[in-house]
Amino acid sequence: MKKKQNKFGKLPSGPANIIIFVLLLLGGIFMLSKIADNVKETGEIPYSEYLNLVEQDKIKKINVIGTFVSGVTKDEKSFETNVAEYPGHWDLLRKHNVEFAIINQSNQFSMWHILFIILLIAGFAVMWYFFKPSSNTGSGGGGNIFTMGKSKAKMFLPSAIKEKFSSVAGAHEAKEELEDMVDFLKNPEKYKRLGAKITRGALLVGEPGNGKTLLARAVAGEANCPFFSISGSDFIEVFVGVGASRVRDLFAQARKHAPSIIFIDEIDAVGRHRSAGGVGGGNDEREQTLNQLLTEMDGFEVGKDPVIVLAATNRPDVLDKALLRPGRFDRRVEVPYPDLASRVQILTLHAQTVQISDDVDMKKIARGTPGFSGADLANLINEATIIASKGNKEKVTIQDFEEARDKILLGKEIKTIVLTQKDREITAYHEAGHALVRLMMPNVMDPLHKVTIVPRGRALGVTHSMPEREKYNRNKEEMIASIKAALGGRVAEEIVFNELSTGAYSDFLTATDIVRDIVCRYGMTDELGPIVYSQKQGDFVYSQKTAEKIDEKVRQIIDTCYAETKDLLMAHKDKLTALSVALLDKETMYAREIYELLNIESREDHKFE
Ligand code: ADP
Ligand code: ZN
């Protein structure tokens, strides 16, 4: 961000906010100190001394508040004291010609109270005035980026947008889909001529970090048009009506600067299905905001003032259907996790600005990072560079990448964690169990990459495998093998120690998820048939009887897998022990070492280097 400017009315909204708060705070402190001053500047004297002073005619004037007395002496010294309530007090004062005033306790600081309240109200009024959303606000030229006070959106002028399609590595399909929009923004006349109905909105669907924002900005960069960016959650406020007027304001701005792009991140925050319920009490507000959004999108005229709305979400399933109707977000652009080839491209792109050692092969790194998002990959390069810098290296090496990846995968390495020898042994057998099950099913399992019992993050150990290719489709056999690999850890523990630990929880989660998919999603069992049994918003869409059948089948599959895994590991107990012992010694073992140790036919070399 280069420059922040604001051209709305008299006061800049962001700073105004702060200024008003500071003023209010100072005012409050000032008044409190005033109140405190009235009481504290004076010296407190004993009641007896006070009575003496009165009787010696030394007091000029007092104020009485209940039993509290403050006053000044004739030689202009102030004092205060607490008096007993006795009826003769007033007579005594009259007798000695003391001027006295009795102040009603509850009204004591009423003037300050009133002032304070007035100031507070005034402060809020001023704030409301500046934040009150309304249309017809303009943003002028000058800077490149504006924070739009009323809509909360940020506006980027074309000169502030550096992204082009070439800044997005991989994501070919997404870019292809968006190219039309770029053309439309550049040449609206061309489309108007034939009356084409060009999409006004596209939904970018994908997990965080996969480049949705990047793509949206690249569209603006390619079309060389202003970019308005806001997050769905920014629309939602406690005050009903604010969201709707923010939407109105945003679209008014965008039209004024047309051709332009509006990017709404996390649209699910406003666009949730209307009956799906919201967070807190913001339901009315959310609906109003959503309705306004729909109205604005319907209000576009093709060809004139082209404004394209791109919205990002990773929860397209919760979106209100009305949003997806023609003329609204009727185009869906998938922005998935990058596949192998895309990962190579993303890594290469981000590595351009970094000194990287010649022995680093981005392809190998890409192979070792399945499931990494674009952001994760950018982070990987960055982490590796930091690690290399810390070691005062000239260039980033393959070891730095290894370390960086492990760090990203599982949180920072905690070598200091205190584990008992028993814990380490259990972990070693547990991981050896996972690894061995995989090794014993080479046809259906991905090749092993490495096994470690160095604790990282919350995991005591990890067994990595390295997919040979991207898997878009898995068969039942592979899924069953994955269940067994997941159960392998616990099975090994049981075989060797004959006791159960809590370390297998996440393995069971993995196994259970796969079994549920087999039964309920992919129709892979005879008993339940080719039917999808799903839950919608907590309601079962199948009968209680079916639920019981599902539970039974899930249990049966898990039990069978468990028994078969046990047989498998029992048959290779010597290997299990050998691997565990070696792991206890080395802590981390790569596939090659394991093949050698166990005398298993080597598959590919799966290390980066
Ligand atoms: P999202 O909006 O989907 O959460 P972002 O667009 O904010 O993801 O991506 C975060 C960062 O990750 C980007 O700024 C960029 O550095 C990197 N990144 C993600 N996808 C890609 C990609 N396809 N090519 C290059 N960099 C990417
Ligand atoms: Zn495990």
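Predicted model: local features only at pLDDT ≥ 70, side-chain atom pairs only at ≥ 80, totals over all residues.
**Notebook: strands, rings and a zinc ion**

Residues are numbered from 1 along each chain as its sequence is written, chains are lettered from A and ligands numbered from 1 in the order in which they are written, and side-chain values use heavy atoms, with hydrogens and water left out.

**Strand β9**

I noted that strands (E, at least two residues) and helices (H or I, at least four) are DSSP runs, numbered from the N terminus. Strands pair if DSSP finds at least two bridges between them. Five bridges join β9 to strand β12 (residues 307-313), and the two run parallel. Strand β13 (residues 331-334) also pairs with β9 in the parallel sense, over four bridges. There, valine 205 stands opposite glutamate 334.

Is β9 enclosed or open? Five of the five residues of β9 (residues 201-205) are buried, so the strand is largely enclosed by the rest of the structure. Buried means under 20% relative accessible area, exposed over 50%, partly exposed in between (1.4 Å probe, protein chains only). Gly201, Leu203 and Val205 point one way, Ala202 and Leu204 the other.

**Aromatic rings**

I used this rule: rings of Phe, Tyr and Trp (its six-membered ring) pair if their centres lie within 6.5 Å; planes under 30 degrees apart count as stacked, over 60 as edge-to-face and the rest as tilted. The count comes to six aromatic pairs. Tyrosine 47 and tyrosine 50 have ring centres 6.3 Å apart and planes at 20°, so they are stacked. Both lie in helix α2 (residues 47-55), three residues apart. Tyrosine 47 is partly exposed at 24%, while tyrosine 50 is buried at 0%.

Phenylalanine 156 and phenylalanine 227 form a tilted pair, 6.0 Å centre to centre with 50° between the planes. They sit in strands β8 and β10, 71 residues apart.

**Zinc ion (ligand 2)**

I took donors as N, O and S atoms within 2.8 Å of the metal (3.2 Å for Na, K and Ca); water is not among the atoms, so sites may look incomplete. Which residues coordinate the zinc ion? They are His430 (NE2), His434 (NE2) and Asp507, which gives two OD donors, at 2.0 to 2.7 Å. Histidine 434 lies in helix α16 (residues 421-440) and aspartate 507 in helix α18 (residues 505-521), so the pair ties together parts 73 residues apart in sequence. Both are buried.
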